[in-house]
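This report describes helix packing, a ligand shell and database annotations. The sequence and model follow.

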Amino acid sequence: GAHRPRLTFLGTGYLGATYAICFAELGYEVIGFDVDEAKIAKLAGGEVPFHEAGLDELLRKNLASGRLRFSTDYAEVAEFGDVHFICVGTPQRADGMGADLRYVEAAVSGLARHLTRKALIVGKSTVPVGTAEWVEQLVAKHAPSELGVEVAWSPEFLQEGHAVEDVLRPNRIVVGVRSEWAAAMLDAAHEGVVTLAATEDREVPVVVTDFATAELVKVAANAFLATKISFINAMAEVCEAAGGDVTNLARAIGYDPRIGNRFLRAGLGFGGGCLPKDIRAFQARAQELGAGEALRFLHEVDLINQRRRSRVVRLAADMLDRGYGPAGPELAGARVAVLGATFKPDSDDVRDSPALAVAATLGKAGADVRVYDPQGIDNARRALPDVTYEATMADAVRGADLVCVLTEWAEFRTADPAALGELVSGRRVIDGRNCLEAAEWIRAGWQYRGMGRPDGEA
Ligand code: UDX
């Protein structure tokens, strides 16, 4: 093929590490950079510092191939790369609304200062619209002007648990560029992805657009997904009031291809490192731009999402025959098993996890909360130290007055309700993700409550 540019990925968190490893797999020469020496040492030693299916193996394979290296040295990265992808984190600001761009600033200026030849700096982190222009100004300030360093924007759409596939086989590539040269460089940088698709008889659509649109695509996609989830959770609320079953309602509307059945599962709502933070930052940015009104509905999307958590707490109080005061329920002395701590199954991520938020509230209300999660316990313990963690599902459930299934891990979906019933002191279950076979649980003598579904009494 054509000359393949050498690629660097700055920030080896979840995003950057996954990209660096997968692009080496596609045949590019790659350096992953981070200021965190411990992280870089781990990666260079063949260990992925987070959990993502299939990534460990690809890391070791590509370290061995010699195409993949890791570095903490800006000068080395600047000297090596033709295209530099900025993959650092953009956490929520302390005020909870806007995005904190200090890591973007550090990475761009650190790199730009060391550049000695023309290169393309490509933003990938999720940022407020307008950031690409600001990055251009940073580059103008820090890179030697005679080099003509350029900036582009190319958002990513990684889903945890599918990240390797999402990088190797994306359903689209989006690039925001200002020049033919930048477009050509990004073409070359994506050639491996396009070629792989061609060998598999697929095509990857490429949307080439301006900076603002490329930045907006990412937050618009996440806002849409969050809205879809909150829509079906709003229908769950209505079903709860009207005595309907939202799982059948979702099935029925999902057959309409204009609606589609994906991201239409009612339950405890969305969490994780992206959707909750992104819809808040998006609203804040729209407000600054004078378009706040257009995104006012995202405030409702957020509120609907939060109400699902309260709903589970209320159900818990109801099922345990406890009072519910202005400060919440009174659960002193109740033993509650919480199954699930991560924000979704097949992940160890507990950021903004609805399951953990519910566990925390139950604990504050006085319940003796025993949490079990197949992979998230270590992270959960750090995020929420004051509940009890158990090493097995059976240990969490033993002696419980109430079992709450709050993340839909396969281990819980396939658990035997009769066997679990032998361990508990009260057969009460809240299915916070509508992931259990209600009829089986009811047959095994459990009082069952789902989300947006009629009550199931034993
Ligand atoms: C999301 C986007 O999907 C991805 O494209 C973007 O790049 C980053 O944010 P991720 O955070 O990994 O990815 O999680 P995702 O699989 O999208 O799930 C988000 C949350 O929504 C989870 O808490 C999940 O439990 C919840 N969800 C999802 C529902 O409650 N119902 C659904 O039908 C789907």
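## Crossing of α9 and α12

The crossing of α9 and α12 is left-handed, a term used when the near helix is turned anticlockwise from the far one by less than a right angle, with right-handed meaning clockwise. Helices (H or I, at least four residues) and strands (E, at least two) are DSSP runs numbered from the N terminus. The model is predicted: local features need pLDDT of at least 70 and side-chain atom pairs count only at pLDDT 80 or more, whereas totals for chains, interfaces and linings use all residues. Residues are numbered from 1 along each chain as its sequence is written.

Helix α9 (residues 211–242) packs against helix α12 (residues 296–319) at an angle of about 50°, and their axes are 9 Å apart. Axes are lines fitted to C-alpha atoms, for helices over the stretch in contact, and angles run from 0 to 180 degrees between N-to-C directions. The angle therefore makes α9 oblique to α12; under 35 degrees counts as roughly parallel, over 145 as roughly antiparallel, 65 to 115 as roughly perpendicular and the rest as oblique. On α9 the contact involves A223, A226, T227, S230, N233 and A234, and on α12 L298, V301, I304, N305 and R308; contact requires C-beta atoms, placed from the backbone, within 7 Å. These residues divide into six nonpolar, four polar and one charged (Ala, Val, Leu, Ile, Met, Phe, Trp, Tyr, Cys and Pro are nonpolar, Asp, Glu, Lys and Arg charged, and the others, Gly among them, polar).

## Crossing of α12 and α13

The axes of α12 and helix α13 (residues 354–364) cross at roughly 40° and come within 10 Å. That makes α12 oblique to α13, and the crossing is right-handed. R308, R309, V312, V313 and A316 of α12 meet P354, A357, V358, T361 and L362 of α13. By class, this contact has seven nonpolar, one polar and two charged residues.

## Ligand shell

The ligand is surrounded by 19 residues, of which E160, R265, F270, G272 and C274 are the closest. Helix α9 supplies the largest share of the shell, three residues. The shell comprises ten nonpolar, six polar and three charged residues.

## Annotations

An unreviewed UniProt entry lists residues under "binding site", including L158, E160, K218, R265 and K344. The listed residues are spread over 188 residues of sequence and, in space, up to 24.4 Å between C-alpha atoms. L158 lies in the loop between β6 (150–153) and α7 (163–168).

Definitions and conventions. Two residues are in contact if their C-beta atoms, placed from the backbone, lie within 7 Å. A residue is near a molecule or strand if its C-beta atom, placed from the backbone, lies within 6 Å of it. UniProt positions are given in the numbering used here, feature names are shortened, and annotations may be inferred rather than shown by experiment.
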